[in-house]
Structure formats: structure tokens, C-alpha cells
Amino acid sequence: MIRKRKSRRQLSRRTLSPRLPIRRLFNHPEPLVSIIIPVMNEKTTLPAVLYQASRVHPNSEVIVVANGSTDGTAEIAAKWGARLIRFDEPLGHDVGRRVGAEVAKGEVLLFIDGDMVIPAKELRPFVKATLAGVDVALNGYSGPVEKQEAHPVVLAKYVLNAILSRSDLKGASMTAVPHALSRRCLQTVGSAALEVPPLAYAMAVSRGLNVQAVHTVPVGKLNPVRVRQQASKRKGDPLTTLVAGDHLEALHWLVMEHGARGGFSDLGRQRGRVRG
């Protein structure tokens, strides 16, 4: 069952060229790489995003999951020749990624967003690493860590990595794009887990898949979140609570999978000797 998740606000409207001419995409009939782009009202940035996607790998397909769009975004994707999946209602980025993953044909699944233009040269390392055997190729971006008080999302990512005994990954997470998955990873964690990125991530690490931070794209700079910050000052940040809840789901799964302490030792405590 596909869950409807609260959509992220559009984070950035950066474009390389707002008048970029249409360049028809070629979707290979037997693609090695599937590039998955969930979008909602991204007509301003989508042409540049598709242009960069078209330059990532010669044997690829581009899948656009248009959900809740009312500004012609889906029509733009269709004109460019992307594999288009449409939903009238908003699904949110994460559910859109699941939808795209379920129809993807490639051995490598590369996830990007429709509101963030990332040059193809910054995307290729994720594909290259996955083709070389990495199952989860993460963006090494850890978020802002120079502040005295850590942002709750950054803190949650660090904590989850510590609990997974992957402190070496710092704040890297499937919550951030771009990232790529192998077909083996998708089969191991299941497409439904992609709706909650930290959960899928915890499952991948816990089940022994090869998870690496392979390249760093400073999405925090690409994505100034001005609108969200303004909203945060007014009435709180719904994205923060969403991501925090996602990490709690991941922790709950670890407890259910590995016991009350998530697989961590209780050392010499003799709790059973105490009678109430």
C-alpha cells in the first residue's frame, strides 16, 4: 500500500537557464541507470534538471513522478520525453521515489529532486560507485555542524549512524539527495521502505549491504530554504518534525529487529534477579 506523505515545500528555484530549449530524452529500452525525479509544481527548474539528467549516463532512463502539479510540470516532462507517472494529488518526495523505484528498470537507481539543479558531473560519482559494487551510494553532505546548537535533523542523522555503528558516515543519510541504490538494495529493503528514508537506510546497514558516502554535493548551499526558514519562525518547521519522526520509525524497526536494546549489550546487569 502506498502511503501519502506530507509534501516538502519547494526548497529552491535555482535554474541554469529558465529558457532552456527542449532536448528530447532518450530512454534506453534496457537501461542500466534509472534516474528518478519526484516533482510537484517544478516547471521553473525541471527543464534544467532534465537536461542534467540526460547527461549522466548513455544507457539510462529518466522517470518523472509528477504529483499534485498544477503549473504544467507534467506537460514539460512529457515534452522532454521522460517516462511520466502522474498523480493528481501530492504524494511527497519520498512516496514519489517509491513509485519511481517500482517502475524502474535499471540496475542503478539514482534519486534527485525536481527543484534542485545539480550538474551531471556531480551526479555521475553516485552511479559510478554503485556500478562498482556500492549498494547505497550516499551524499557525504552532513548538514551544518558548525553551530553550537545542532539542528534536530542533523542531530538525528548523526545519532542514527552512531546506533548503526556507522559513525564514520557522520550525517550522511538517504534523507539527502542525490543518492543511488543498487538493484540488490531495492530487493533487500523493499520499495515500501523508501517512503521513510531513515528506515530504508537502517535496514540496508543492518542487513549488511555496502553503504558508503561516495561524493559530496553541498545541497545546503544549493538549497537555501529561505521560505521554510521564514515559515519556521512563524509556526515551526513541519519538515523537521517529519524527518525526526522518520528517524524514530527507523529506531523502532531496529528495536523490533534486534531486541529492546537494538542489539546493544546490557553488560553485567542482573535484572532478572530482582523481584518486584
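The model is predicted, with local features needing pLDDT of at least 70 and side-chain atom pairs counting only at pLDDT 80 or more, while totals for chains, interfaces and linings use all residues. Residues are numbered from 1 along each chain as its sequence is written, and side-chain values use heavy atoms, leaving out hydrogens and water.

**Overall picture**
- The protein has 10 helices and 7 strands, taken as DSSP runs numbered from the N terminus (helices H or I, at least four residues; strands E, at least two).
- Of its 276 residues, 50% count as buried, meaning under 20% relative accessible area, with exposed meaning over 50% and partly exposed lying in between (1.4 Å probe, protein chains only).
- Among contacts (heavy atoms within 4.5 Å) between residues at least 6 apart in sequence, 79% join residues at least 24 apart.

**Helices α5 and α10**
- Helix α5 (residues 152–163) packs against helix α10 (residues 238–258) at an angle of about 15°, and their axes are 9 Å apart; the axes are lines fitted to C-alpha atoms, for helices over the stretch in contact, and angles run from 0 to 180 degrees between N-to-C directions.
- The crossing of α5 with α10 is left-handed, which is to say that the near helix is turned anticlockwise from the far one by less than a right angle (clockwise would be right-handed).
- On the α5 side the contact involves P152, V153, A156, K157, L160 and I163, which meet T240, V243, H247, A250, L251 and L254 of α10.
- By class, this contact of α5 with α10 comprises 9 nonpolar, 2 polar and 1 charged residues, where Ala, Val, Leu, Ile, Met, Phe, Trp, Tyr, Cys and Pro count as nonpolar, Asp, Glu, Lys and Arg as charged, and the others, Gly among them, as polar.
- H247, in helix α10, counts as buried because its relative accessibility is 4%, and, leaving aside residues up to four places away in sequence, H247 touches A156, K157, L160, T175 and P198.

**Helices α3 and α4**
- Helix α3 (residues 93–103) is mostly covered, with 9 of its 11 residues buried, among them H93, D94, R97 and R98.
- Helix α4 (residues 120–131) has 12 residues and should span 16 Å at 1.5 Å a residue, which agrees with the 16 Å between its end C-alpha atoms; the expected span is 1.5 Å times one less than the number of residues.
- The buried residues of α4 are A120, L123, F126, V127, A129 and T130, and what covers them includes β1 (33–39), α1 (46–53), β4 (108–111), β5 (136–139), β6 (179–182) and β7 (211–215).
- Just after α4, G133 takes a positive phi of about 125°.

**The loop between α5 and β6**
- S165, located in this loop, has a positive phi of about 60° although it is not a glycine, and S165 counts as exposed because its relative accessibility is 57%.
- K170, also in this loop, is not a glycine but has a positive phi of about 55°, and at 49% relative accessibility K170 counts as partly exposed.
- S167 of the loop touches N161 and A162, not counting residues up to four places away in sequence, while S167 and K157, 10 residues apart in sequence, are 9.9 Å apart from C-alpha to C-alpha.
- P178 is found in the loop as well, and the peptide bond from V177 to P178 is cis, with omega near -10°.
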